[in-house]
Structures are given as structure tokens and as C-alpha cells.
Amino acid sequence: MNLTQVITIVSITAAVFTVMGIGGVARSLQWLSREADAGLLKLGIRILMPCFIFVKVVGNPAFETAANVYLPPVWGFLAVALGCFVAYFYARGSGARLGFDTPDKIHSFAVCIGIFNYGFIPIPLIQEIFGERALGVLFLHNVGVELGIWTIGVSLASGGLTKGWWKNVLNPPSVTIVISLLINEMGWADMVPTFITQITSILSAGAIPLMMLLIGATFYDQIFHAKVEADASSAWPTYISAVMLRLAFLPFLFLLAAIYLPVSLELKQVAAIQAAMPAAVFPVVLTKHYGGDARTALRVVIASTVVGFVTIPIWISTGIAWLGLETTVLQQTPEEIIVAPQLEPVEAMKIVGISVRTNNRSEMNPETAQIPLLYDKYDQDQIDSLIVDPVSPGKRIAVYGDYESDQSGKFTILLGKQIGADADVPEALDKVRIHRGNYLHFVGEGEMPQVVLETWQKIWRHFEEDSTYSRSFEADFEIYDEASPNRVDIFIAVEE
């Protein structure tokens with residue numbers, strides 16, 4: 001991995017823990033009261049998170065691959081099972097030498113090691129590091145984790161499955177995932193009313209910040225206000241055991257499995273993040289509820305979370321390198337952070353070349369993508385040689401036009417070069433005219449062709465978050481200059 005990617009991972013990890021820390025500070029100052037926790041948690045789990053999942057899963061092209069539908073939950077379940085059983089046999093084998101002298105301590109240690117943080121820490125990490133496709137697969141992976149918690153986890157904590165355990169798996173987020181996948185399977189993604197999309201988008205924006213603040217507040221309570229029986233034994237054996245298993249041995253096993261098992265790219269991306277996760281806070285509540293040893297649970301969570309602040313970026317960087325995911329990491333260059341898009345006047349242009357009709361959903365799937373084939377055909381058929389006397393010989397232009405609706409509908413892309421307004425168009429080529437007007441100019445710099453997709457993602461986010469200009473969907477275009485091979489200039493037509 002390059003230094004920029006490592007810095008990006010460290011920065012995102014620090015941001016996640018900082019937001020949790022703000023939640024802890026809010027609790028200490030009584031800005032976030034314990035009495036509000038239950039209501040806020042219900043709001044997050046029953047409304048905000050389902051909206052967030054709906055927005056990220058419906059229409060997500062990752063689920064056009066069948067393996068991304070059935071493998072992620074299996075992986076999630078087996079990850080919990082492996083962690084619980086490894087920790088169980090470790091604690092049982094160590095016995096009183098390391099303080100695991102009662103069944104409650106052994107079971108509580110196993111549950112807390114096996115159940116990693118599968119939600120609100122990895123969600124922002126995956127979204128910022130790998131993007132929307134991997135994020136959608138994470139949600140399905142988490143269904144398997146939930147199943148593992150309420151079967152294996154509860155069995156260890158209580159001595160057997162409890163009546164009605166399955167009701168806990170059928171929670172609002174899991175049900176939303178099933179409904180969203182059904183919409184995708186039936187081809188109804190484009191039929192979702194705009195009104196519904198707007199509502200879910202607005203509500204989804206608050207899901208992750210709210211839940212991370214609550215995690216920070218809960219973690220603060222567990223450290224400073226947890227009510228546990230006095231224990232004269234040293235906590236260090238449990239601390240060291242927790243770090244050794246949860247943050248060293250299990251990440252190695254998970255990454256090894258991702259290397260050698262036939263899993264999709266998106267599931268490898270999920271595995272790279274999940275392997276690095278510390279123990280979740282929820283098992284502390286789970287062990288208390290089922291009569292486990294709260295001291296052991298608390299020690300596991302504290303040790304793995306505190307040390308995890310250091311090990312998470314290390315393991316994520318290692319996982320990306322081992323799994324060969326370097327080219328899939330979203331770049332965050334200084335230009336993306338600092339340079340805002342500029343409104344610029346553009347004179348009318350006449351572009352000739354070859355074209356194809358497609359849509360963004362198809363382009364997100366390598367098996368149905370048409371644009372890469374268009375570029376290959378352009379080079380193979382030597383289209384440049386057919387364009388006589390181009391205005392700028394060193395600049396190739398890709399024009400997006402004839403929009404069916406907006407970015408979710410079909411459009412035609414023409415790849416070629418600019419010619420004079422009165423120049424003849426060869427019979428073998430198509431033509432398109434870019435109208436004179438004001439265009440919003442975005443710049444992307446980085447590795448091709450990944451930077452093009454990243455810049456378009458930035459463009460989509462820009463128009464979702466900034467209402468200063470609205471897209472007209474007349475004709476947008478990209479300029480590739482031979483003098484700057486790692487740069488793309490994208491001009492978006494806006495309403496005047």
C-alpha cells in the first residue's frame with residue numbers, strides 16, 4: 001500500500017473513535033442521559049438504520065452477483081462461531097492459571113471474543129475505504145452475525161438456546177435487508193417513488209452518527225459506572241488473552257480464509273475490515289442478562305477496544321495488502337478535499353466518434369459494463385485515424401447525452417474528439433453537439449480508470465448535498481489530455 005492509503009485508513013479510524021469519544025464526553029457532561037438511551041436506540045434500530053440500509057442496498061449492483069447474496073451471511077455466522085469456539089477452548093484449556101476458574105468466566109470470555117464489532121465501527125470504515133458495493137455486502141454479512149449471536153452466543157451465555165431466539169434475528173434491519181434484496185431481484189429498484197427515496201435518504205443521514213454516539217456513551221458507562229462484584233484477581237491475564245485472540249490470532253485466521261476461499265471481491269473487502277474489529281460492547285449486556293461473569297466481559301471489551309485503536313489501521317492495511325485490494329481503495333487526494341467545483345462557460349463543440357447506450361447500474365457490474373468495451377473498441381479500431389484535423393489532437397472527449405431521465409436512467413456515451421463546426425463527419429462515426437453554456441467543472445487526479453469512477457461518485461454526492469445548482473441532463477463530458485495522463489476533467493451541464 002502507498003503512504004496516502006495508509007494515512008487515509010488511520011485518519012478514518014481516528015475519526016470513528018473520536019465520534020465515539022464525543023459520545024463518552026456527552027455522557028460525562030449529562031448531555032446524553034441514560035434515560036434517553038432506550039428511546040434513541042429504538043429510533044436508531046427501528047427507523048434510521050432500516051432507512052440507511054434501504055438506501056445502500058436497493059439498486060446496489062453488488063447484488064447482481066449471486067455469490068454476494070448467499071455467501072456473506074454464511075461468512076458472518078462462521079466468523080462468530082469460529083471466534084466463540086477458539087476462545088472457549090482457549091479459556092477452558094488455560095483454566096485457573098489465567099483466571100478462568102468458573103464456567104461463567106469461560107463462557108463469558110468466549111462470547112465476548114467471538115462477537116466482534118460488526119456494525120457501527122466497520123460501516124463508516126467500509127464506506128470511506130471501499131465504497132457502496134462493499135457496504136451493501138456488509139449489511140448482508142451482518143445478518144449471519146446476528147444469527148450467530150442469538151444461537152451460538154446465547155447458548156454459551158445461558159447454557160442453551162432460549163425460547164423465541166429467532167425473533168431477535170428478525171429485527172427491523174434484517175427485515176429491511178430482505179425486502180431490499182427482493183426489490184433488487186424483481187427489478188423494482190428504478191420504480192421506487194422519488195418521495196420514498198428522499199425520505200429514506202434524509203433519515204439515513206442520522207443513523208451512523210447517532211449509533212456511534214450511543215456506543216461511546218455506553219462504553220463510558222462500562223468503564224466508569226459498571227456495577228460488578230469485587231474481584232481481587234488480576235485483570236491482566238484476561239486483558240492479554242483478549243488482545244492476543246481478538247486482535248492477533250483471529251484476524252490472521254480470517255484473512256487466511258479470505259485468501260484461500262473462493263469469495264467475491266466485495267466479501268474480501270468486508271473481511272479485510274471485519275478481521276480488524278475489536279470485541280463488541282453488546283456482549284457485556286448479553287452476559288449480564290443471562291447470568292454470565294460481567295467482570296470478564298468488561299475486561300475483554302475494554303482491552304480490545306483500547307488496543308484496537310492502534311491495531312485496527314494496522315490490520316486493515318495488512319488485509320488490503322494480503323488480499324490484493326490496493327487498487328480498490330478509494331483515493332482521497334488533496335484536490336478532492338480542497339478544490340471545489342467551478343462554474344465555467346463552455347463554447348459550443350462538435351464531437352465525433354463511436355457511441356453506446358448504457359446506464360450506471362450496468363456499468364457497476366463488470367459483466368454488463370459497456371463503457372470499458374467502448375474504449376477498447378476505440379483503440380482496436382483506431383478511431384483516431386478516422387478523425388481528420390481534430391481541434392485538439394491530444395485531447396479525447398467522452399460525452400454523456402440523450403439522458404432517459406436522470407443518472408439512474410439510460411444514457412448514450414460517445415467517445416471521440418472535437419472537430420470544427422463546419423467539418424464533415426465520416427460515415428463510420430457518430431456525432432454529438434455540446435451546447436454553449438455554463439458547466440460545473442470537476443477535476444479528478446489519480447490512478448486510471450478508478451479515479452474516473454471516484455470523481456463521478458463525488459459529483460453525485462455534490463448534487464445530493466449542495467442545492468446551489470441543479471443538473472440539466474442535456475450533455476455532460478469528460479476531457480482526457482495526453483499531457484496529463486492521470487487527470488480527468490468532467491464538465492456537468494447545470495440549469496441556468
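Trainee: Helices (H or I, at least four residues) and strands (E, at least two) are DSSP runs, numbered from the N terminus. What sort of model is this?

Mentor: It's a predicted model, where local features need pLDDT of at least 70 and side-chain atom pairs count only at pLDDT 80 or more, while totals for chains, interfaces and linings use all residues. Residues are numbered from 1 along each chain as its sequence is written, and side-chain values use heavy atoms, with hydrogens and water left out.

Trainee: Let's start on the surface. Which residues form the nonpolar patch?

Mentor: Leu43, Ile47, Phe195, Ile196, Ile199 and Leu203, with about 480 Å² of accessible area together. Such areas come from the Shrake-Rupley method with a 1.4 Å probe, and for residues only the protein chains shown count as cover. Patch members have over 30% relative accessible area and no salt bridge; like charges are joined within 9 Å, nonpolar side chains (Val, Leu, Ile, Met, Phe, Trp, Tyr) within 5 Å.

Trainee: And which helix gives the largest share of the patch?

Mentor: That's H9, with four residues. H2 and H9 (194-204) each supply at least two. Phe195 sits in H9 and is exposed, at 56% relative accessible area. The cut-offs: buried is under 20%, exposed is over 50%, and partly exposed is in between (1.4 Å probe, protein chains only).

Trainee: Going inside now. Which residues touch the most other members of the largest nonpolar core?

Mentor: Met49, Ile123, Leu125, Ile129, Phe139 and Ile316, out of 97 residues in that core. Helix H6 (residues 132-158) gives this core its largest share, 13 residues. Apart from it there's another core, of 30 residues, among them Tyr403 and Trp456. By core I mean buried Ala, Val, Leu, Ile, Met, Phe, Trp, Tyr and Cys residues joined through side-chain atoms within 4.5 Å.

Trainee: Back to Ile129: what does it touch?

Mentor: Leaving out residues up to four places away in sequence, Ile129 touches Ile9, Ile12, Ile273, Ile316, Ile320, Thr328, Val329 and Leu330. Contact here is heavy atoms within 4.5 Å.

Trainee: New topic. How many salt bridges does the structure hold?

Mentor: There are 16, each a side-chain nitrogen of Lys or Arg within 4 Å of a carboxyl oxygen of Asp or Glu. In one of them Glu64 meets Arg361 (3.0 Å, N to O). Glu64 is in the loop between H2 (34-57) and H3 (67-94) and Arg361 is in H16 (residues 360-363), so this pair ties together parts 297 residues apart in sequence.

Trainee: Are those two buried or partly exposed?

Mentor: Glu64 is partly exposed, at 32% relative accessibility, and Arg361 is partly exposed too, at 25%.

Trainee: What about Asp402 and Arg357?

Mentor: Their side chains meet in a salt bridge (3.3 Å, N to O). Asp402 lies in the loop between E3 and E4 and Arg357 in strand E2 (residues 349-359), which puts them 45 residues apart. Asp402 is exposed, at 54%, whereas Arg357 is partly exposed, at 36%.

Trainee: You mentioned E3. Which strands does E3 pair with?

Mentor: E3 runs antiparallel to E7 (residues 475-481), joined by seven bridges, and pairs with E4 (residues 410-419) in the antiparallel sense over five bridges. Pairing takes at least two DSSP bridges between the strands. Val399 has Phe477 as its bridge partner in E7, while Gly401 stands opposite Thr412 in E4.

Trainee: Is E3 (residues 395-401) mostly covered or mostly open?

Mentor: Mostly covered: six of its seven residues are buried.
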